[in-house]
Amino acid sequence: MSVYWSELVHRLTPYVPGEQPKLQNLVKLNTNENPFGPSPKVLAALQAEASESLRLYPDPDSSRLKSAIAEYYGLQANQVFVGNGSDEVLAHVFQALLKHDQPLLFPDISYSFYPVYCGLYGIEFETVPLNAQFEIAIDDYLRPNGGIIFPNPNAPTGVPMPLSDVERLLKANTHSVVVVDEAYVDFGTQSAVSLVNQYPNLLVTHTYSKSRSLAGLRVGYALGNATLIQALIRIKDSFNSYPLDRFAEAGAIAAIQDEAYFEQTRQQVIVAREALVADLQSLGFEVLPSGANFIFAKHPKHAGEQLAAGLRDQAVIVRHFKKPARILDFLRITIGNPSQNQALMQALRTLL
Ligand code: PMP
């Protein structure tokens, strides 16, 4: 007979991250990392930090980084919150701003961490189906709610929402917090950061893991009005979360100040994506429109699970989601560098 405390443990549903394989020499296109590596200026900043300051504690408030991010977006430093990856930022957002007497709303195909946070923090939620084109259906969110969160572009579909739709949602939904998770926004999706000063209930989250190619450093941030940001700081302080370490702060400052490198590499990803989409379509794949550094594609004659397994046998890893049923046939493929993308195409040709 099970006992009460073990029931509690079983009830916790963990987030299942994409695989981080131990094998070398794999073509790793499964967790949306950037194939081009971070700016050389980041590496120089890390080197300087290593030789000069590691004996010192980090700044608990990451003040220099917040100022650098605020300056980049033309905001005030008190409109910026930083955390160890945007997953940590989102954890604080769920705890601070999305727990209400009404359910939180998010799309039915979306970032799989959202329901996990809800489970962990006891937040009631309802999922809202995507429309037939796999788009977020704004009108379905215009009802009583305790908050709204969605990625833009959406994940794992990659489908972008135009800024005019985000604004339509904000105009209609003024009573609860609207969180736009812009983890992949820099790859061709319109950002809602420009709306932050106009809509006091809008919070936008970003990560350094994708367009800045710093997944290993763990830096993410939220932008919003100072009152929302203050709520996140209260949660961070109350739970005694770790501040960013010295490497994370120094590297993140250097990255946001190297606009030329950022612009060059994000364009390279976009160009590689368009080439890969055309190649996949020539093999008969259907590919959803993507504003991200990954694409969501299915082949009308081949099941996603078998394709993923067949690719793996050839040392190419992509992501296949078993749930929900509607996306069973799709593969989520990270845009690699040209030689990785060629290896993927080569492996697919042997399977089809
Ligand atoms: N939001 C979305 C939609 C994501 O896909 C991810 C990456 N798994 C994150 C947030 C978190 O990214 P990170 O913690 O690396 O900043």
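## Exercises on a predicted model

Ile 233 is part of helix α7, which spans residues 226-238. The structure is a predicted model.

**Exercise 1.** Is Ile 233 buried or exposed, or in between?

*Solution.* Start with the neighbour count. Ile 233 has 14 other C-beta atoms within 10 Å. Next, apply the cut-offs. A buried residue needs 20 or more such atoms, and an exposed one has 12 or fewer. The count of 14 falls in between, so Ile 233 is partly exposed.

**Exercise 2.** What separation do the C-alpha atoms of Ile 233 and Gly 119 have?

*Solution.* Take the chain first. Ile 233 and Gly 119 are 114 residues apart along it. Then turn to space. Their C-alpha atoms are separated by 22 Å.

**Exercise 3.** Describe how α4 and α7 pack, and name the residues that meet.

*Solution.* Two quantities are needed. Packed helices are described by the angle between their axes and the distance between the axes. For α4 and α7 the angle is about 105 degrees, and the axes lie 9 Å apart. Angles of 65 to 115 degrees count as roughly perpendicular. Therefore α4 is roughly perpendicular to α7.

Now list the residues. From α4 come His 92, Val 93, Gln 95, Ala 96 and Leu 97. From α7 come Leu 228, Ala 231, Leu 232, Arg 234, Ile 235 and Lys 236. Finally, sort by class. The contact of α4 with α7 has 7 nonpolar, 2 polar and 2 charged residues.

**Exercise 4.** Which residues surround the ligand, and which helix gives the most to the shell?

*Solution.* List the shell in chain order. Helix α4, residues 85-97, gives the most, with 3 residues. By class, the shell has 5 nonpolar, 5 polar and 2 charged residues.

**Exercise 5.** How many residues of domain 1 are in contact with domain 2, and which element supplies the largest share?

*Solution.* The domain assignment gives domain 1 as 4-37 + 260-351 and domain 2 as 41-258. Their C-alpha centres lie 23 Å apart. Next, count the contacts. On domain 1, 31 residues are in contact with 25 residues of domain 2. On this side of domain 1, α9 (259-282) and β10 (294-298) each supply at least two residues. The largest share comes from α9, with 7 residues. By class, the touching side of domain 1 divides into 18 nonpolar, 8 polar and 5 charged residues.

Technical notes. Residues are numbered from 1 along each chain as its sequence is written. This is a predicted model: local features need pLDDT of at least 70, side-chain atom pairs count only at pLDDT 80 or more; totals for chains, interfaces and linings use all residues. Helices (H or I, at least four residues) and strands (E, at least two) are DSSP runs, numbered from the N terminus. Ala, Val, Leu, Ile, Met, Phe, Trp, Tyr, Cys and Pro count as nonpolar, Asp, Glu, Lys and Arg as charged, and the others, Gly among them, as polar. Axes are lines fitted to C-alpha atoms, for helices over the stretch in contact, and angles run from 0 to 180 degrees between N-to-C directions. Angles under 35 degrees count as roughly parallel, over 145 as roughly antiparallel, 65 to 115 as roughly perpendicular and the rest as oblique. Two residues are in contact if their C-beta atoms, placed from the backbone, lie within 7 Å. Domain bounds come from an automatic or database domain assignment.
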